[in-house]
Amino acid sequence: EGRRLLAAGKPADALPFYGQALDMAEVHLGSDSAALGLLLHELGTVFRAAGDLGRAEEQFRRALTILEGALGPDHPALPPTLADLARLVEQRGDPADAQVLYQRLVAGLRRTREAGDEEIVSALGQLALSLDQQQRPDEAESLYRRAVAEADGQGRESVELATVLNNL
């Protein structure tokens, strides 16, 4: 029901259902279950959609901790949580914290994806943008150029590459 309400554009109405699911998951799955981590990530998305960015960040951070512990740092379930958390932190105006999260995201993607993957290009672009927002244009330019080179090296053109080129 929570997912249906979220899909219908009613995240505030979906929150009680997600709260019930979270309570049940904590009791029946335990506090270190990967399934609980995935549910917390989804709950973070609902809070973000409802406009409660503080609670969204809290859920994303908790999800990341649980997923890393349960699945390890190289599991493919981690990048979406890292990316959502980094974007949220950046949105609230903390580019230095976002930079650390984007660095972790790039490193994790490099371990699990092939060179030139669109998500790597996008994460490099976001990392560069966080450096640019910190008034570190030389470092940002270097990362933008690295993202372009990586994408070009694979012969791929994408929205991610276009965004990186625009920001560069």
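The structure is a predicted model, in which local features need pLDDT of at least 70 and side-chain atom pairs count only at pLDDT 80 or more, while totals for chains, interfaces and linings use all residues. Residues are numbered from 1 along each chain as its sequence is written, and side-chain values use heavy atoms, with hydrogens and water left out.

Helices here are DSSP runs of H or I with at least four residues, numbered from the N terminus. In helix H2, which covers residues 11–29, the residues Pro11, Ala14, Leu15, Tyr18, Leu22 and Ala25 are buried; a residue is buried under 20% relative accessible area, exposed over 50% and partly exposed in between, using a 1.4 Å probe and protein chains only. These buried residues of H2 pack against helix H1 (2–7), helix H3 (34–49) and H4. Just after H2, Gly30 takes a positive phi of about 95 degrees.

Helix H3 is capped at its N-terminal end by Ser33, a side-chain oxygen of which lies 3.1 Å from the backbone nitrogen of Ala35. The expected span of a helix is 1.5 Å times one less than its number of residues. The buried residues of H3 are Leu36, Gly37, Leu39, Leu40, His41, Leu43, Gly44, Val46 and Phe47, and they pack against H1, H2, H4 and H5. Just after H3, Gly51 takes a positive phi of about 90 degrees.

Among the residues that make the contact are Leu36, Leu40 and Phe47 of H3 and Phe60, Ile66 and Leu67 of H4, where contact means heavy atoms within 4.5 Å.

Glu57 also lies in helix H4. With a relative accessibility of 11%, Glu57 counts as buried. Its side chain is joined to that of Arg92 by a polar contact of 2.6 Å; a polar contact is a pair of N or O atoms within 3.5 Å, and within protein one must be able to donate a hydrogen and the other to accept it, with residues adjacent in sequence counting only if both atoms are side-chain atoms. Leaving aside neighbours within four places in sequence, Glu57 is in contact with Leu85, Leu88, Val89 and Arg92.

Helix H6 (residues 95–112) has 18 residues and reaches 25 Å from its first C-alpha to its last, close to the expected 26 Å. Its buried residues include Pro95, Gln99 and Tyr102. What covers the buried residues of H6 includes helix H4 (53–71), helix H5 (78–91) and helix H7 (118–133).

Ser130 has its place in helix H7. At 0% relative accessibility, Ser130 counts as buried. A polar atom of the Ser130 side chain lies 2.7 Å from the backbone oxygen of Leu127. Apart from neighbours within four places in sequence, Ser130 is in contact with Glu90, Pro95, Gln99 and Tyr102.

Definitions and conventions:
Helix = DSSP H or I, 4+ residues; strand = E, 2+ residues; numbered from the N terminus.
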